[in-house]
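Here's a quick briefing to read alongside the model. Have the sequence and the 3D view open as you go.

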Amino acid sequence: MKRIGILTAGGDTPALNATIAGAVERANQLRIEVIGLIKGYSGLLNPEVPHVHLNPLFQSIPELDAARGGTILGASRDYVSADDRETIERVVSRLNRLGVEGLICIGGDGTLNGMQAICESLPTVLAPKTIDNDLGLNYADEPSEFSRVPDEQSPKGYRYTKAEERRFELEEMVNFATPGYATSVFVAAQNVQRIRTTAESHRRIAVIEVMGRDCGMIALGTAFGQPDMILVPEVPVDPEAVVTRVLEILDCQKHAVICVSEGIKDAQGHNFGAVRTVKDPAGNIQYSGAAEAVKQILVEQIGDAFFTRKRRNESADAAIFCRKIGHTQRGGRPIRFDRFQASQLGGEAVDLLVEGRHNYVATLQYRDGGFVHEGIDASRLRDRWGVIHARPLSRSFYDEARFRPSAKGVAYLQAIFSDALGSEDLEAQRPIFDSGNLIRPYDSVNFHISKRIRRLCPDAG
Ligand SMILES: Nc1ncnc2c1ncn2[C@@H]1O[C@H](COP(=O)(O)OP(=O)(O)O)[C@@H](O)[C@H]1O
Ligand SMILES: O=P(O)(O)OC[C@H]1O[C@](O)(COP(=O)(O)O)[C@@H](O)[C@@H]1O
């Protein structure tokens, strides 16, 4: 194999450049050229296929820095339909014209679905990414637990349901954690800590919303910031139980911090917040307002009198505030766990292509108290209809009565985070007060990369 392509698709994470850097480093050792494809699948759909040679003379370009968040290649959510054979053939012929003999897609479950269309014509490997940590399986036979049930509300006329999960050991998990997750938990947990002291001083209730779509992994990880309660999408939220617990907490500490995952649901499966369909045939939806919905319940159930009687704010509305951590969870420098594991998985993806694997996934496995990297056939992640489902947070990781991680959840988090941060991560915070920041404009990597971008002469059509 002389030349491979690499792209980053889906929502970005802080660890994408680390994965690219790891892949390029391994390719340098093997003397393979790496062509970076700009803006995910969008670049492949563009007849000019904007691209960058990432390792001229088998040396990484200086813009590629594993410690820099985001992706120097850009990312998008453009859809590649497996049914549109004409477009797929054009995409493959463009990659052939570029001399690309194998493709690494850095992405999550959506990216893997998109990759399926190409893998029949070109060897492809997925290097995982997603802050949501929903790419993988809790145990190998999990896909067989999904069934289809009729649903008139759904455009397809059906939806998927999952049987009760079985007991499993942590070592059975397929893709234990995904690069990007650790940094987002680091950011979210720090935010929880920061919001805590102001809620405490002013005797208020803070409702903090974190990302994750329908997976409560990020919310679970915020336990490191010691919120009083965590609400996750996998466990239906019972408003009465939430109010009771909040009152108990207020009774002993006069304030409360609640962390809610953006996708939390009630017993009927309805989302607490608003669900907005985005123009993405992949079916991605955007959640918003889960924290506000929880606040509303508390305002109505606890009422103004409770707060005024205790001279804690003039109303329930004033006493309860919401904060959405938002895209700060996806941005900035990756912490050591993400930098290291992302680079390793990037390298593993190159090795898998060189071994001649088609449609494979480079995964992180937990074995004997440490991590190993392993290639698996992507079909292992599919159910009997060929669908890849987002991995849910295992209910065994969550203590429903205490709204906290269970003992098993604690063991899972410890495995990832006990050595996740390096002293260099703390040192990297120092330059924030560099007085040069006050006078120098931001030096955008896009500006430098755009000088390196090359294009194919557009093909017919
Ligand atoms: N079933 C599918 N078929 C083709 N392309 C898909 C499919 N699902 C997702 N994609 C595409 O893969 C890319 C990444 O998907 P997305 O869901 O945004 O992120 P992630 O890979 O993190 O799950 C997007 O460009 C999306 O349009
Ligand atoms: O950037 P957008 O389009 O607002 O997307 C927000 C979504 O992206 C994520 O950060 C990551 O999603 P993907 O890994 O599926 O790309 C979700 O947690 C969140 O719901």
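How far apart do the C-alpha centres of domain 1 and domain 3 lie? They lie 35 Å apart. Keep in mind that this is a predicted model, where local features need pLDDT of at least 70, side-chain atom pairs count only at pLDDT 80 or more, and totals for chains, interfaces and linings use all residues. Residues are numbered from 1 along each chain as its sequence is written, while chains are lettered from A and ligands numbered from 1 in the order in which they are written.

**Domains**
- The chain is split into domain 1 (3–136 + 334–388 + 429–435 + 446–460), domain 2 (142–172) and domain 3 (185–330), with bounds that come from an automatic or database domain assignment.
- Where domain 1 meets domain 3, the contact takes 14 residues from domain 1 and 13 residues from domain 3 (contact: C-beta atoms, placed from the backbone, within 7 Å).
- On the domain 1 side, those residues divide into four nonpolar, six polar and four charged (nonpolar is Ala, Val, Leu, Ile, Met, Phe, Trp, Tyr, Cys and Pro; charged is Asp, Glu, Lys and Arg; the others, Gly among them, are polar).
- An unreviewed UniProt entry places "domain: Phosphofructokinase" at residues 3–135 and 177–353; such annotations may be inferred rather than shown by experiment, and the positions follow the numbering used here.
- Over residues 3–135, the chain is 33% helix and 19% strand (DSSP runs, H or I of at least four residues for helices and E of at least two for strands, numbered from the N terminus).

**Ligand shells**
- Ligand 1 has 23 residues around it, and Gly10, Gly108, Gly110, Gly114 and Ala282 come nearest (to be near, a residue needs its C-beta atom, placed from the backbone, within 6 Å).
- Helix α4 (residues 109–119) gives the most to that shell, with five residues.
- By class, the ligand 1 shell has six nonpolar, 13 polar and four charged residues.
- Ligand 2 is surrounded by 14 residues, the closest being Gly10, Gly11, Gly108, Thr130 and Met211.
- The ligand 2 shell has three nonpolar, seven polar and four charged residues.
- Domain 1 and domain 3 each supply at least three residues to the ligand 1 shell, and each supplies at least three to the ligand 2 shell.

**Helix α1**
- The 15 residues of α1 (residues 16–30) should span 21 Å at 1.5 Å a residue, and the end C-alpha atoms are 21 Å apart, which agrees (the expected span is 1.5 Å times one less than the number of residues).
- α1 is largely enclosed by the rest of the structure, because 11 of its 15 residues are buried (buried: 20 or more other C-beta atoms within 10 Å of its own; exposed: 12 or fewer; partly exposed: in between; C-beta atoms are placed from the backbone).
- The buried residues pack against β1 (3–8), β2 (33–37), β4 (102–107), β5 (124–128) and α10 (336–354).
- Arg31 follows α1 and has a positive phi, near 55°.

**Two loop residues**
- Pro50 sits in the loop between α2 (41–45) and β3 (51–53), and is partly exposed, with 19 other C-beta atoms within 10 Å.
- Beyond its neighbours within four places in sequence, Pro50 contacts Ile38, Gly43, Ile453 and Arg455.
- Tyr139 sits in the loop between β5 and β6 (146–150), and is partly exposed, with 16 other C-beta atoms within 10 Å.
- Leaving out neighbours within four places in sequence, Tyr139 contacts Arg166, Phe168, Glu172 and Met173.

Note on methods. Two residues are in contact if their C-beta atoms, placed from the backbone, lie within 7 Å.
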